[in-house]
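Subject: Structure for you, with notes

Hello,

Here is the structure I promised to pass on. Please open it beside this email, as my notes follow below.

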Amino acid sequence: MSTAVPRLVIAAPSSGSGKTTVATGLMAAFAAAGLEVSPHKVGPDYIDPGYHALATGRPGRNLDAYLCGPELIAPLFLHGAAGADLAVVEGVMGLYDGAAGQGELGSTAQVAKVLRAPVVLVVDASSQSRSVAALVHGFASWDPEVRVAGVILNKVASDRHEELLREALDASGVPVLGVLRRAEGVRTPSRHLGLVPAAERRAEAAGAVAELAERVRSGCDLTALLALAHSAPPLPQEPWAPPAAPAGAARGRRPVVAVAGGAAFTFSYAEHAELLRAAGAEVAVFDPLRDTALPPGTAGLVVGGGFPEVYAPQLSANEPLRREVAALAASGAPVAAECAGLLYLARELDGAPMCGVLDVTARMTERLTLGYREAVAVGDSVLAAAGTRVRGHEFHRTAVEPHAGDLGADRSPAWGLTWGAGRERRVEGFVRGGVHASYLHVHWAAEPSVARRFVNGCVERCAA
């Protein structure tokens, strides 16, 4: 069975060219025109998909060939794009940039090839004129399997500048599908890990997305872009679906898995909640900044990524919830904490008391830890059996003390990590009873047994 989904990949020669501006603006403009738009983001980024969701009203979904494997990209895409009139995929970094030392793996180019999707190249034209043709020609000819089918020129200074750019590109064979002038009006504030998530500034973010839609609508040929999207051929793969729990696996009431949300915990892949539900759980989202208790009947807890360092005083002030989280963990209930979740379970974060589940302190540092990792489970935990191999991603400016490996007999590291051309190694994370806490972000769709194992632990707890 082949599935036809009109689609575009929005790429660029490098970061900072305007991919997010164009991709988000296109999503919002097409959605405002009445189309059902499916938003996607290449790579592990959690922040851009939040703006994509605002633009389209659908979950922003990630397509990461390193974390999930190239073979899952098309199925995950088709799952996310089900029922859509159009899919827009925002790339990552430069078109051909992928995981360090891994060739094209994880690159926008690889995803575009797997999806057989036309690529629209967003070029920052602010400091060039005729040279733009050489740049576009190079990107269009570098890999003949990548179809660079159009250009959108960003940060164009004037009508005369536009005329020079178009004249130069006439001979390239790649049509200009849009021109955006330099603009100071639309601002998306940033801080230590990138853009401020949309969930933290929802009203302002909605306004910014609306302005991006107007800029793109007035500067781009939406008719030509939609026609280009329709030129993408059908995909032969079947859509991904979360594997259902075996019949009779969860007898009686479905266990409640509380999932942290709100402004402090915005990082989560959409497929994680779907996997938990398919494995037999009832997913209940709560906000640690506002809710003073866990959802009724909580049998397990998932605390994903985000920015607890920004909200440390407010999280600390919610003492009733902190006590309840600590009590749940002490009872042996399954608890999975990822990056921000690890900080929330610490004894303190930048001096502010946290849940105290783990006897570690966390603090902001000047050092950015960033990159893909190969990981193996050091021992058995609520998420993985010893020896389970996954791929993950680290992205943080905090550190915890003591480090993994400097632990007592009642705790062990969560993962053994390997990365880099020199195959650097270290252990990372903490396992204590039913708690698995780690800096490593893992895409559970690549290893569905993680969700099943976690929910099974919740089921066993409910039956005890």
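Which residue in β6 stands opposite valine 123? It is leucine 153. Before I go on, please keep in mind that this is a predicted model.

**Strand β6 and its neighbours**

Strand β6 covers residues 148–156. Eight of its nine residues are buried, so β6 is largely enclosed by the rest of the structure. It pairs with two strands that I looked at, β5 and β7.

Start with strand β5, residues 119–124. β5 and β6 run parallel and are joined by six bridges. Between them, the chain passes through helix α6, residues 131–142. This β-α-β crossover is right-handed.

Now take strand β7, residues 176–181. It also runs parallel to β6, with four bridges joining the two. Leucine 153 stands opposite valine 179 in β7. From β6 to β7 the chain goes by way of helix α7, residues 159–169. That β-α-β crossover is right-handed as well.

**Nonpolar cores**

Leucine 153 turns up again here. The largest nonpolar core has 114 residues. Phe77, Leu115, Leu153, Leu225, Leu276 and Trp415 touch the most other members. Helix α1, residues 19–32, gives the largest share of this core, with seven residues.

How much space lies in the second largest pocket? About 1,100 Å³. Its lining has 46 residues, and the closest to the pocket centre are Thr266, Phe267, Ser268, Tyr269 and Ala270. By class, 30 lining residues are nonpolar, 12 are polar and four are charged.

Several elements each supply at least two lining residues. The helices are α2 (47–56) and α10 (270–278). The strands are β10 (256–260), β11 (282–286), β12 (298–303), β13 (335–338) and β21 (435–438). The largest share, six residues, comes from α10.

Helix α10 deserves a look of its own. Its buried residues include Glu271, His272, Glu274, Leu275, Leu276 and Ala278. Leu276 is also one of the residues that touch the most other members of the largest nonpolar core. After α10 comes glycine 280, with a positive phi near 115°.

**Backbone points to check**

Two residues other than glycine have a positive phi. One is arginine 116, with phi near 50°. It sits in the loop between α5 (108–115) and β5.

Finally, a cis peptide bond joins glutamate 401 and proline 402, with omega about -5°. Proline 402 is in the loop between β17 (389–401) and β18 (415–419).

Best wishes

Technical notes. Residues are numbered from 1 along each chain as its sequence is written. This is a predicted model: local features need pLDDT of at least 70, side-chain atom pairs count only at pLDDT 80 or more; totals for chains, interfaces and linings use all residues. Side-chain values use heavy atoms; hydrogens and water are left out. On a 1 Å grid over the protein atoms alone, a cavity is a set of points where a 1.4 Å probe fits but cannot get out, and a pocket is an open set with protein on both sides within 12 Å along at least five of seven lines; lining residues have an atom within 4 Å of a point. Grid points are joined across faces, edges and corners, and a volume is the space filled by probe spheres set on the points. Ala, Val, Leu, Ile, Met, Phe, Trp, Tyr, Cys and Pro count as nonpolar, Asp, Glu, Lys and Arg as charged, and the others, Gly among them, as polar. Buried means under 20% relative accessible area, exposed over 50%, partly exposed in between (1.4 Å probe, protein chains only). Two strands pair if DSSP finds at least two bridges between them. A crossover is right-handed if, with the strands pointing away from the viewer, the path from the first strand over the helix to the second runs clockwise. A nonpolar core is a set of buried Ala, Val, Leu, Ile, Met, Phe, Trp, Tyr and Cys residues joined through side-chain atoms within 4.5 Å.
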